[in-house]
Number of protein chains: 2
Amino acid sequence: MLIINAIGFSQSGKTTLLEAITRHYSSQGKLVAAIKDIHGEEFQPDEEGKDTWQYSQAGAQLVVGRGPRDTIFHWSRQLSFLELVGKVVADVLIVEGFKDEQMPRIVCSKDSEELADLVDSCTYCISGVISEESTEYEGIPVLNAERDLPQIIALVESHSVVCE
Amino acid sequence: MLIINAIGFSQSGKTTLLEAITRHYSSQGKLVAAIKDIHGEEFQPDEEGKDTWQYSQAGAQLVVGRGPRDTIFHWSRQLSFLELVGKVVADVLIVEGFKDEQMPRIVCSKDSEELADLVDSCTYCISGVISEESTEYEGIPVLNAERDLPQIIALVESHSVVCE
């Protein structure tokens, strides 16, 4: 990975230069990433006209903004679930909304009609709005996030995926 | 890494459940990350009240939003330069604004007064606004991002850091 570093005060032409270099390499089919250190201002990667957006426009597939209190990585594509998991370093990974991944899951629902669509053999626990009136569905425990958290945690630890 | 997966339709209580689980583990000092698949809507990690923001509030140190066309990782802290570089996979990495890192650099400036503060023994090229009127400063070439791009690329490739 070739690392190209430019510094300079505000309005000195850094971004113009680095955009030109980004265009040069991305037009050759190279995978270009850009990291920008942001002092004081809030980082908003999606805002049109901002420097970070300009790097995306110039062909950078990953733009990183580092502010005083947070750091944002912005890929201009949808990463696959496996890519996502491969990039995360944590003790616990919370996953929400990946319906098509075959792995142990908790199903949340408002009522039993919704459950019929979502419960499968990977489902070890049911929660959400339905837990205000039910405690069991087809042999699967229905647990409330506030009242039954200890039982939920016990199920999570005996059923969830552990990935090194 | 323990992976906990919840699915369900909108307003079913997924985020309430996963926030409670996030609070449970983060209060134990565990490093928690949250990944959310977002269908259709635009992902704005910083907006107050959004689900992704709620995971940060519940103690998740990394929140990931995956939309149809982009993917955003949001750490609630400033990553170090070495951490950033370690997380990037690319052919070319553009780095802007990291004044304190000791590595080969291009200095951009509006005038020669600014150069006095920024040029050091790591500086192999000068560019930016000053390149409209100068071509050399203390033996270092001053090159224009549009007019002199081939020379800039040649200098970049002979001076920049290459990191495997």
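The model is predicted. Chain B can be laid on chain A by a turn of 180 degrees and a shift of 0.0 Å along the axis, with an RMSD of 0.0 Å. That is the relation of a two-fold axis. Within chain B, the residue that comes closest to this axis is F73(B), with its C-alpha at 2.5 Å.

**The interface**

On the chain B side, 82 residues are in contact with 84 residues of chain A. Helix α1 (residues 14-27) of chain B gives the most to that side, with 10 residues. The side of chain B that touches chain A divides as follows.

| Class of residue | Count, side of chain B |
|---|---|
| Nonpolar | 48 residues |
| Polar | 19 residues |

Strand β4 (residues 71-75) of chain A is linked to strand β4 (residues 71-75) of chain B by five bridges. The two strands run antiparallel. In this pairing, T71(A) stands opposite W75(B).

**Helix α5 of chain A**

Helix α5 (residues 149-159) of chain A has the buried residues I152(A), L155(A) and V156(A). They cover an arc of only 105 degrees around the axis, so they sit on the same side of α5(A). An α-helix has 3.6 residues a turn, so residues three or four places apart point the same way. On the other side of α5(A), P150(A), E157(A) and S158(A) are exposed.

What do the buried residues of α5(A) pack against? Their partners are β7 (123-127) of chain A, together with β1 (2-8) and α1 of chain B.

Technical notes. Residues are numbered from 1 along each chain as its sequence is written. Chains are lettered from A and ligands numbered from 1 in the order in which they are written. This is a predicted model: local features need pLDDT of at least 70, side-chain atom pairs count only at pLDDT 80 or more; totals for chains, interfaces and linings use all residues. Copies are superposed by least squares on the C-alpha atoms of residues with pLDDT of at least 70 in both. Two residues are in contact if their C-beta atoms, placed from the backbone, lie within 7 Å. Helices (H or I, at least four residues) and strands (E, at least two) are DSSP runs, numbered from the N terminus. Ala, Val, Leu, Ile, Met, Phe, Trp, Tyr, Cys and Pro count as nonpolar, Asp, Glu, Lys and Arg as charged, and the others, Gly among them, as polar. Two strands pair if DSSP finds at least two bridges between them. A residue is buried if 20 or more other C-beta atoms lie within 10 Å of its own, exposed if 12 or fewer, and partly exposed in between; C-beta atoms are placed from the backbone. The arc is that of the directions from the helix axis to the C-beta atoms.
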